[in-house]
Each structure stands twice: as structure tokens, then as C-alpha cells.
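Visitor: I would like to learn how to read a model like this one. Please show me the structure and take me through it.

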Amino acid sequence: MDWYTNDTYDKLVTGEIKDQWEKASEALKNGEITVSTAIGATQEEIDAKKAEAAPYQ
């Protein structure tokens, strides 16, 4: 993922957050992290994904 910045971003976003964003972005690019979709999924598949994500809420 590419992220476009401007002066406001540079002023307000901390270096720690920028570093975390870079790590997540690289993990997405190299396939370490994948993003699924609910489009075309059954209700059971959606419920399973929601249950899987529940600990992170």
C-alpha cells in the first residue's frame, strides 16, 4: 500500500506510528498479511471471520 503524506501528516503523526505503518505496509506488500472480503461469502463464513477478529476489538 502506498501512503501519501503532506505537511500536516508530518507534523501530527509520530515517528512510532509512521514506523508501524511502514511495517504493516511492507507485510501487506509481501503477502505476510492478507485481507479477505465478505463479498460472496456465506453467513457462516462471515460469522467465522467475525469470531476470529473478536479478540482484537
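Predicted model: local features only at pLDDT ≥ 70, side-chain atom pairs only at ≥ 80, totals over all residues.

Visitor: Which residue forms a salt bridge with Asp10?

Guide: The general idea first. Side chains of opposite charge can pair when their charged atoms come close. The cut-off here is a side-chain nitrogen of Lys or Arg within 4 Å of a carboxyl oxygen of Asp or Glu. For Asp10 the partner is Lys18, with the closest N and O atoms 3.7 Å apart. Lys18 is partly exposed, at a relative accessible area of 24%.

Visitor: How many salt bridges does a search of the whole structure find?

Guide: The search finds 3. One of them joins Lys29 and Glu26, where the closest N and O atoms are 3.8 Å apart. Another joins Glu52 and Lys49, at 3.9 Å.

Visitor: How are Lys29 and Glu26 placed in helix H2?

Guide: An α-helix has 3.6 residues a turn, so residues three or four places apart point the same way. Helices here are DSSP runs of H or I, at least four residues long; strands are runs of E, at least two; both are numbered from the N terminus. Lys29 and Glu26 are 3 residues apart in H2 (residues 15-29), so about one helical turn separates them. Lys29 is partly exposed at 47% relative accessibility. Glu26 is partly exposed too, at 41%.

Visitor: And how are Glu52 and Lys49 placed in helix H3?

Guide: They are 3 residues apart in H3, about one helical turn. Glu52 is exposed, with a relative accessible area of 51%. Lys49 is partly exposed, at 45%.

Visitor: What span should H2 have?

Guide: The expected span is 1.5 Å times one less than the number of residues. For the 15 residues of H2 that gives 21 Å, and the end C-alpha atoms are 21 Å apart, which agrees. After H2 comes Gly31, whose phi is positive, near 85°.

Visitor: Where is Pro55, and is this residue buried or exposed?

Guide: Pro55 sits in the segment after helix H3 (43-53). At 66% relative accessibility, Pro55 counts as exposed.

Visitor: Which elements does the protein have overall?

Guide: There are 3 helices and 0 strands. From the N terminus on, the order is α-α-α.

Visitor: What is the radius of gyration of the protein?

Guide: The value is taken over C-alpha atoms, and the globule rule is 2.2 Å times the number of residues to the power 0.38. A compact globule of 57 residues would come near 10 Å, but this protein has 16 Å. Its C-alpha trace spans about 45 × 25 × 20 Å along the principal axes. Of the 57 residues, 5% count as buried.

Conventions: Residues numbered from 1 in each chain as written. Heavy atoms only, no water. Buried < 20%, exposed > 50% of the residue type's maximum accessible area, 1.4 Å probe, protein only.
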